[in-house]
Amino acid sequence: MGVRKSARNLTSGEKAAFVAAVKRLKAQTTGRNYDWFVTTHMTYFASVGGIQYAHRSPSFLPWHRQYLIEFERALQAFDATVSIPYWDWTVDRSITGAPFTADLMGGNGSGGNGPVTTGPFAGSANWRITASASSSTSLRRAMGSNTLPTAAQVTSVLGISAYDAAPWNSSATSGMRNRMEGWQTPNLHNSAHVWVGGHMGQQDSPNDPVFWLHHCNIDRLWSQWQTRWGFDSSRYLPAAGTPGVVDLNETMQPWTGVTPATVLDHRNTYTYA
Amino acid sequence: MSTVSRRDALRYGAAAAAVVAGVAGAQVLATPAAARDPRDFEMEYRGKKIKGTHPVTGVAALSARGQRPNRSHEVYINGRKLSVMEIELPAAGGGVTIGYISAINHYEPVLIDADRNSNGLLKLTKRAVDVLGDTELTALAGAGHDHVR
């Protein structure tokens with residue numbers, strides 16, 4: 001069972017192993033390779049077959065939980081010791097600190113919105129962008145255009161006992177999920193995408209490997225919410241019969257046999273340190 | 001805002017603008033070519049040609065009889081399409097307002113209406129140009145999203 005650690009606490013060996021596995025998945029030419037994960041996210045941001053799976057809906061959290069599990073398994077096929085690290089942006093708030101160091105994610109874009117120039121993903125020879133809304137073949141960042149969410153804001157979101165609420169979309173006001181996703185203030189998830197900028201702000205955001213560290217942190221915060229309010233299936237909403245969204249026991253495409261109910265309790269698959 | 005919601009303002013904004021414009025409004029009724037929203041733009045920004053059109057609604061849509069009305073916001077940067085997607089958001093005073101994201105600014109909605117946010121589409125477009133810098137949009141940027149409404 002994997003233990004997901006904060007990026008700031010990884011050893012140099014753990015950082016190197018994570019980077020190497022990500023690059024091997026990128027180099028894979030068939031099957032569910034890195035670019036499959038990028039295009040899958042692009043597809044599922046919008047509704048598929050009239051259902052909102054990945055964003056602007058209750059299944060935002062369980063869909064991404066499964067997405068991270070699939071990505072982590074893909075990395076572990078290359079190196080069984082690898083787990084996805086998380087970026088706790090309430091603590092690591094600098095464009096030069098963890099995880100944006102030369103031995104992990106690399107730093108800001110050149111000139112504030114250009115290609116990343118440091119670290120293992122700098123330049124198209126090291127990390128070539130192929131599926132994107134912009135023509136840059138090099139990873140780009142434009143960091144710090146807004147303010148990262150604070151620990152106090154996280155605490156306020158985790159204090160909301162209702163998982164989600166009608167109308168179960170980006171205009172829901174009274175549940176935890178839309179605040180976590182960020183269409184409702186205080187906006188946790190969306191803010192960090194915007195703060196990194198460049199590819200992280202685009203529909204093809206998984207092109208920036210820090211996507212996984214950010215979503216790992218979002219998943220960790222959901223796990224903290226579950227620790228406080230319950231991992232049991234009664235804590236997920238809606239339970240059944242809701243058009244256009246994924247109810248508790250409905251399948252989350254593109255995976256087979258995976259529902260919100262099957263991923264709620266992750267503690268036998270991975271834990272957070 | 002008064003009793004008119006942002007959504008209504010968005011939907012009827014073009015019609016209201018045509019009525020307020022008086023004589024200009026009559027021209028809107030007379031010629032399809034004038035079925036153009038006053039918020040539409042075509043200009044150069046940071047070395048890129050940008051063009052944006054708003055949905056044709058109300059009186060203006062009627063004047064464009066025989067043509068397929070433009071039902072969504074359209075943006076082009078250097079002639080390449082940037083897909084714009086509607087996002088329902090909690091409104092400041094309760095209820096729902098509509099924000100817009102693009103393939104380039106995917107996590108930061110911009111409000112567009114005929115009132116205080118009448119420059120919303122231009123703002124969205126300029127933000128995309130700021131991100132693009134010396135790069136261009138690809139075909140993926142113009143690929144249509146499903147619309148939830």
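Predicted model: local features only at pLDDT ≥ 70, side-chain atom pairs only at ≥ 80, totals over all residues.
Local features are used only at pLDDT of at least 70 and side-chain atom pairs only at pLDDT 80 or more, whereas totals for chains, interfaces and linings use all residues. Residues count from 1 along each chain as its sequence is written, chains are lettered from A in the order in which they are written, and side-chain values use heavy atoms, with hydrogens and water left out.

An unreviewed UniProt entry annotates residues 55-72 and 208-219 of chain A as "domain: Tyrosinase copper-binding"; positions follow the numbering used here, the feature name is shortened, and such annotations may be inferred rather than shown by experiment. Residues 55-72 of chain A are 72% helix and 0% strand, with 20 Å between the end C-alpha atoms. For residues 208-219 of chain A, the figures are 83% helix, 0% strand and 18 Å. Helices here are DSSP runs (H or I, at least four residues), as strands are (E, at least two), numbered from the N terminus.

Start with α3(A), residues 60-76. Helix α2(A), residues 34-45, crosses α3(A) at roughly 170°, and the axes come within 11 Å. Axes are lines fitted to C-alpha atoms over the stretch in contact, and angles run from 0 to 180 degrees between N-to-C directions. That makes the two helices roughly antiparallel, a label for angles over 145 degrees. Among the residues that meet are A:F37, A:H41 and A:Y44 in α2(A) and A:W63, A:H64 and A:F71 in α3(A), contact meaning heavy atoms within 4.5 Å.

Helix α1(A), residues 12-27, also meets α3(A), with axes that come within 9 Å and cross at roughly 95°. These two helices are therefore roughly perpendicular (65 to 115 degrees). Here A:F18, A:A21, A:V22 and A:L25 of α1(A) touch A:F71, A:A74 and A:L75 of α3(A).

Further along, α6(A) (residues 189-196) packs on α7(A) (residues 210-229) at about 160°, with the axes 10 Å apart. This pair is therefore roughly antiparallel as well. The contact includes A:H189 and A:H193 from α6(A) and A:H214 and A:H215 from α7(A).

As for the partner chain, 29 residues of chain B contact 34 residues of chain A. Together they bury about 2400 Å², with carbon and sulfur atoms giving 57%; this is the accessible area (1.4 Å probe) lost when the two are put together, summed over both. On the chain B side, B:P90, B:Y107 and B:L140 supply 31% of the area buried against chain A, more than any other three residues.

How values were computed
Parallel < 35°, antiparallel > 145°, perpendicular 65-115°, else oblique.
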